[in-house]
Amino acid sequence: MNRLLIGLRRGLDVRRTMLLLAILLVTSAAMLRVLVVFAPVLIVVIPELFGVVFLMVLCMALMWYASSRLMSHSKFSERPLGEQIIQQVLEGILTIDQRGRVISLNPAAERLFGYRLAEILNKPITTLLTEPPNDGQGVLRDTMPVGTILGLAAGAREMIGRRKNGESFPIELVLSGMTLGEEQVTVAFARDVSKRKQAQRYLTTHYAATCILAEANSLEEALPKIIQTISEALQWEACAYWSFDPVNQKLQCAEFHQSPFARRSQVLDFTSVTCQLDQGLPGKVCSTRQPIWIEDLLRMQDFPCLALAAPLELHAAFAFPVMMGENVCGVVEVFSSRFLKRDPWLLDIMGEFGKQMGNFIARKRDEEMLQRSEERFRQLAKNIHEVFWMVDTQEDRVIYISPSCEEVWGRSSMHFNTEHRGLLEFVHPEDQPRVLAAYENQKRGVATSEEYRIVRPDQSIRWVWNRAFPITNGSGQVYRIAGVMADITERRHADEERGRLLATVEQQRAELQTILDSVPALIFYKDRQHRLVRVNAAHARCFGLPREQVEGKTDAELGSPYAGQYMQDDLNVMTTGESLCGLIEKFHTPTGERWLQTDKVPHRDVDGNIIGLVGFAVDITEQKLLEERLRQAQKMEAVGQLAGGVAHDFNNLLTVIIGYNEILLEQSIPGDDNHELLDQIHQAAEKAASLTHQLLAFGRKQVLQTKVLDINTVVQDMGKMLRRVIGEDIEMIIQQDPNLGRVNADRTQIEQILMNLASNARDAMPNGGKLTITTTNVEQDESQSCLESEIPPSPYVLLEVTDMGNGMDDATKTRAFEPFFTTKELGKGTGLGLATVYGIVKQSGGYIGLDSALGHGTTFRIYLPRLEEVNATVCDPKGPSGIHRGKETVLLVEDEDCVRNLVSRILQLNGYTVLIASSGAEALELFKGYNGNIDLLLTDVIMPHMNGVQLVEQATVIRENLRVLYLSGYANSFLDAPQSPSASAAAFLSKPVTPQVLAKKVREVLDAPPRQCAS
């Protein structure tokens, strides 16, 4: 502005400059005011080209008027008036030099953009203005001559302004060029048109929604488009329509739209939400019948959709009623994520539109009622084409028939009347007796309705429906019969065709069901409500229910503990359209728990819409049970390995403890305090040895002294002892098969099985009960159908022990055979009883099964392989029973120092010459280098590098007829090498061992014939 005044002082024509400025200012002000007033009408009514021409003509007129008035003013003060006009005008005025830089701002422009002149002076005009999006003709390009700018910017132009705080807003810009001295500048007139734009948007929204109503045939057709137009045109996030039910006094969301520019973190859906009157924004609008504006609806505690709207942080909302006369028929609700103040004009416009919607609904209802009325009239007009007839029963002739008979009978009404022929003459011969019988009933006063065939003159056959009504005189006699007859040929044909189609469909349905039922896999179809619409026979068999009791139910109703997850899987398939495969589903059925491996694929109709899903499932219950049994067997095997290893090391320690303890006992004086203490040590060591024997039994690591046994004899011999164990309050019943087969087992171990099971049954029946022991032969087919399905086909002897005790739950049954697992109180059980039974049965080549339930007792079933041919060979070694000393030479091989020292000392105390080796290799060197006689090889079984069996095999090659005695607390290698000749001919002594037992066993082996039998 200062540069403008300087140019004026340099000699420019002041009067012409000020006159031009005044004309431009007045013209701009007048033009902008006209635009504010008439812009809504121009946008809606006048095309764009006509509006531009109109504005240019209006500007020229205003410029002429302003210049004439200013030129006629004789006392015009040039400088003060020009400055006053520029400073006081309401429009923003900017001056731009040829480089596109701002050189002046008036106060209105400073307020408009938020900059002071000093802050924006000599900065590019693009700091304040930007081109609108998709504007192909820019006026603010890099440095342009003034003439070019004027040529591009003729007339008013809309652009985007940018305030100092970064806010963008629409402005209307008018550019004008002028010369100041030798410099050309551009004067820009800017005006904020935000409110005008908003008004245009409101009117455009109203107009578009009104057009939708005008073109729609029904509210259902118009409603989605209306709420979409309102939401997107007003640039609000969402819009909903609430339908009002005057009977229940409730509002329900009937339609909902979420704008494309709304936040997509969550998709809203109000269509299933209802609310009462005075509840939330819709209820309040419905009760007050007035539009309502809410600046923050999240503060409304009774807002029905609060849970859905809160994640998107919807705040501002307004709603207006849809009025049908004086009654509210619905509410339109609009949402925004911004905090917006109440806009009365928007509420007024939308309120008027609500009345238009109500009038539209009322008009459509009236049109629908009129349409129904017209339809009734059309039906009546159609029925008039039926044939009306009347017969005189006295003369048996037709006295009237309507002209429409020609369409049905193919004969004119005059034909019937003039020739006096009755209707019966043209009835199909096969139907005449039935029609004649109906006529006789009509004459007796009975109304009839018959369908029969008639023959037309062209011999074509038509079907008619004849309804007859008797007419009586004053005395009650039938003197006439009136009737109505209609041609039903097409209907009969359609019924016949429909019947054929239904029969075909039913046949195809039956064939499809037959095919589905023949498939072993489970096949089912679910609708969008997650209900089983159809299942095949395999599916029904799996659930143990008739098909009628399965179809129509959900997974929850069929007993699935995870029905919620399965329904979510169904929903994912029907929502995304993608299949899910390999789902594992569990159900509780009348036949027990069932596991299914399921594939689910979406089912679409002919239009491609997903209407349900089809499932294919395989029953994997048996596979699950086998997997569980395998895991249990692996766990028991691992525990057995651990138990055997622990027992081996522990037996070595117990051998040393028991051996030295007995040596000290022999050297002590009975009655002495030390003798009593040593005796306590001996008793504790014996109990520890018993525990290790049980661990070895569970781990199947002990050496069994097997022989051919009759289980009946063992049970009978144990009867008295078992009765003492269980007590007098428990009844014991023994049921034996007299033809019971024989087994190959260790009698002592079988007795221990009976003792442990009897003790377990006694603890399960503290208040008395019944214990039943049963023996029987089990053949191959029976074993295959028994509870323990893992038993291979083979003949077995079954030993069954059943009590009537408390029973076990599933968790207890799973761990029943684990060592150290017990349900008894602390200190009342070791938890090795059933573990020992399990180990003995498995080591004997048998199988054990458990059947129990809480409150229903427990049954143990032991299957031992039955011998087909009994060939008993029992070796009973003989030898001196009282003398255990000797003078022979014994080679002792033991890798444990403490055990080796003890055994060597025991042998030396009994007179033997002892050669000592700590490994198999050292023992072989002694065999080769010792010139004397070695009478006995006493070796441990488990040793590093070379075990006892391998040592014996090599030693017997060097010295034939060598007597061998194995000594070990863990006989795994000995048992794993039954093919070894040396192992089969050797004696075995288990650790822990006492000095007396060791000396006796050594004496027995030395006195026995070499390589003859094993103990």
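**Entry 1: terms and ground rules.** I note to begin with that two strands count as paired if DSSP finds at least two bridges between them, and that strands (E, at least two residues) and helices (H or I, at least four) are DSSP runs numbered from the N terminus. The model is predicted, so I keep in mind that local features need pLDDT of at least 70 and side-chain atom pairs count only at pLDDT 80 or more, while totals for chains, interfaces and linings use all residues. Residues are numbered from 1 along each chain as its sequence is written, and side-chain values use heavy atoms, with hydrogens and water left out.

**Entry 2: the hairpin of β1 and β2.** I looked up strand β1 (residues 92-96) and strand β2 (residues 102-105), which run antiparallel and are joined by 3 bridges. Thr95 stands opposite Ser104 in β2. Between the strands of this hairpin lie 5 residues, and Gly100 takes a positive phi near 75°.

**Entry 3: an open sheet.** In which order do the 5 strands of the open sheet stand? I read the order as β24-β26-β27-β29-β28, with mixed pairing. β24 (730-735) and β28 (847-852) are at the edges and have a single partner strand each, so one side of each is left without a neighbour in the sheet. Strand β27 (residues 796-803) pairs with strand β29 (residues 858-865) in the antiparallel sense over 8 bridges, and the bridge partner of Leu798 is Tyr863 in β29.

**Entry 4: helices beside the sheet.** I found α23 lying across β24, β26 (769-778), β27 and β29, and running at about 170° to β29. Helix α22 (residues 711-726) packs with helix α23 (residues 747-764) at an angle of about 40°, their axes being 10 Å apart. Their contact (heavy atoms within 4.5 Å) includes Val714, Met718 and Leu722 of α22 and Ile750, Leu754 and Ala758 of α23.

**Entry 5: confidence.** The pLDDT, the predictor's confidence in each residue from 0 to 100, averages 75 over the protein, and 73% of the residues score at least 70. Over residues 141-154 the pLDDT is below 50, and beyond near neighbours in sequence this stretch has 25 contacts in the model. Residues 782-787 also have a pLDDT below 50, with 16 contacts in the model beyond near neighbours in sequence. Where pLDDT is low, the predicted coordinates should not be read in detail.

How values were computed: Axes are lines fitted to C-alpha atoms, for helices over the stretch in contact, and angles run from 0 to 180 degrees between N-to-C directions.
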